[in-house]
Amino acid sequence: MLIKPRDSTGKWYVSSFVDNHNHDLLPAKFVEYLPSHRKISDVDIAHMDSMRQVGISIPKIYESIAAQVGGYNRVSFTKRDMYNKVRWHRALQHGDVNVVLSALANAARVDDRMFWQYEVGIGNHMCDLFWSDERSQEDYKLFGDVLTFDATYGQSKYNLLVIVFFGVNHHNQTCVFGTTMVFYESQASYVWVLTKFLECMGGKSPTAIITDGDRSMCLAIQQVFPEAHHRLYAWHLIRNVTTNVCNPRFTFLFRHCMLANFEVGEFEMHWQIMVEEYGTSDHEWVKDLYTKKSSWAMAYIRGSFFAGIRTTSRCESLHAKLGHFF
């Protein structure tokens, strides 16, 4: 594919496209042997474990599975995959948590500034874990004035919530400052995590923090970073507007109210016109969103956030970083 800019408009366009493969394709009968296609299902793993417990070897087990599915070419994995799975299980014989802690300890031997802490809860089970390496700490030292973390990445198979702390550098590229896993989305857990983050970063607090608006998280931020400005992630707001109002035009106008370079008076006028036009003046979710406007409307953010910043260059830098997330 060749892409060029159009001189008259400055827009980019596809000038040529070749849809033929530049190499010979693998015959269909061998596709399932590609690493990306090989996989062992939970049923096959359980079958393998039960047969190994009675002393049956891996080759015999593989032969048995092939006979059940109608031939070796129908098995979605190889004997090598089975041996690898057995080795993996042996590595975890002392528990996955111990393996993780061992891996972090080994990383600390190579990286003198590797920071990792964990907390043990009821039943002597690990409930919270935080870690950050030297590169992440250096990035935070340089670019940590705006910090964001998102608790919607999903959960691990152990129901631990994965949260990534990140920001943007001077090239507008995402840089990770640290990672944590928490078992409970509670204020206490978030306070522990933020406290460890602050300890890891030598006590440096961010100027602004952007989150998805989780209440427990908001309370923890107020406790650990009382001087930081807390803002809401634009992506989450737009998604919630789409879900709660279900009108594409309203979503478009809301995004304009949120991001446009308005003065406060202009914002209020556009907001009033928007809610009256679409009959959402009495919509409970919309009214609640309006009460939080200082956390997401740029018209309000500019006045409160940049009031205490004296240097123009720093003001512009922070504005650009906030714009990355908004």
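Me: What does D288 count as at 35% relative accessibility?
Reply: D288 counts as partly exposed at that 35% (buried is under 20% relative accessible area, exposed over 50%, partly exposed in between, with a 1.4 Å probe and protein chains only). Keep in mind that this is a predicted model: local features need pLDDT of at least 70, side-chain atom pairs count only at pLDDT 80 or more, and totals for chains, interfaces and linings use all residues. Residues are numbered from 1 along each chain as its sequence is written, and side-chain values use heavy atoms, with hydrogens and water left out.

Me: Which side chain meets D288 in a salt bridge?
Reply: That's K292, at 3.2 Å from N to O (a salt bridge is a side-chain nitrogen of Lys or Arg within 4 Å of a carboxyl oxygen of Asp or Glu). K292 is partly exposed too, at 39% relative accessibility.

Me: How many salt bridges does the structure hold?
Reply: There are 6. One of them joins E138 to R113 at 2.4 Å, N to O. E138 sits in helix 6 (134-143) and R113 in the loop between helix 5 (96-110) and strand 3 (115-120), so the pair ties together parts 25 residues apart in sequence. Helices (H or I, at least four residues) and strands (E, at least two) are DSSP runs numbered from the N terminus.

Me: And which residues are in the network of salt bridges?
Reply: R113, E138 and K141 are linked in it. R113 is partly exposed at 31%, and E138 is partly exposed at 28%.

Me: What does R135 pair up with in a salt bridge?
Reply: D139, with the closest N and O atoms 3.5 Å apart. Both lie in helix 6, 4 residues apart, about one turn of the helix. R135 is exposed at 60% relative accessible area, whereas D139 is buried at 13%.

Me: Switching topic: in what order do the strands of the open sheet run?
Reply: The 7 strands go 3-4-7-6-5-8-9, with mixed pairing; two strands pair if DSSP finds at least two bridges between them. The average twist from one strand to the next is 20°.

Me: Which strands stand at the edges?
Reply: Strand 3 and strand 9 (229-232). Each has a single partner strand, so one side of each is left without a neighbour in the sheet.

Me: In which sense do strand 4 and strand 7 pair?
Reply: Strand 4 (126-132) and strand 7 (174-182) are antiparallel, over 4 bridges. F130 stands opposite T180 of strand 7.

Me: Back to helix 6, which strands does it touch?
Reply: Helix 6 packs on the sheet against strands 3, 4, 5 (146-150), 6 (161-168) and 7, and its direction makes about 120° with that of strand 7. Contact means heavy atoms within 4.5 Å.

Me: Last one: at what angle do helix 10 and helix 11 pack?
Reply: Helix 10 (248-259) and helix 11 (264-277) pack at about 170°, with axes 10 Å apart. Axes are lines fitted to C-alpha atoms, for helices over the stretch in contact, and angles run from 0 to 180 degrees between N-to-C directions. The two helices are therefore roughly antiparallel (over 145 degrees; under 35 is roughly parallel, 65 to 115 roughly perpendicular, the rest oblique).

Me: Which residues make that contact?
Reply: F250, L253, F254 and C257 come from helix 10, and F267, H270, W271, M274 and E277 from helix 11.
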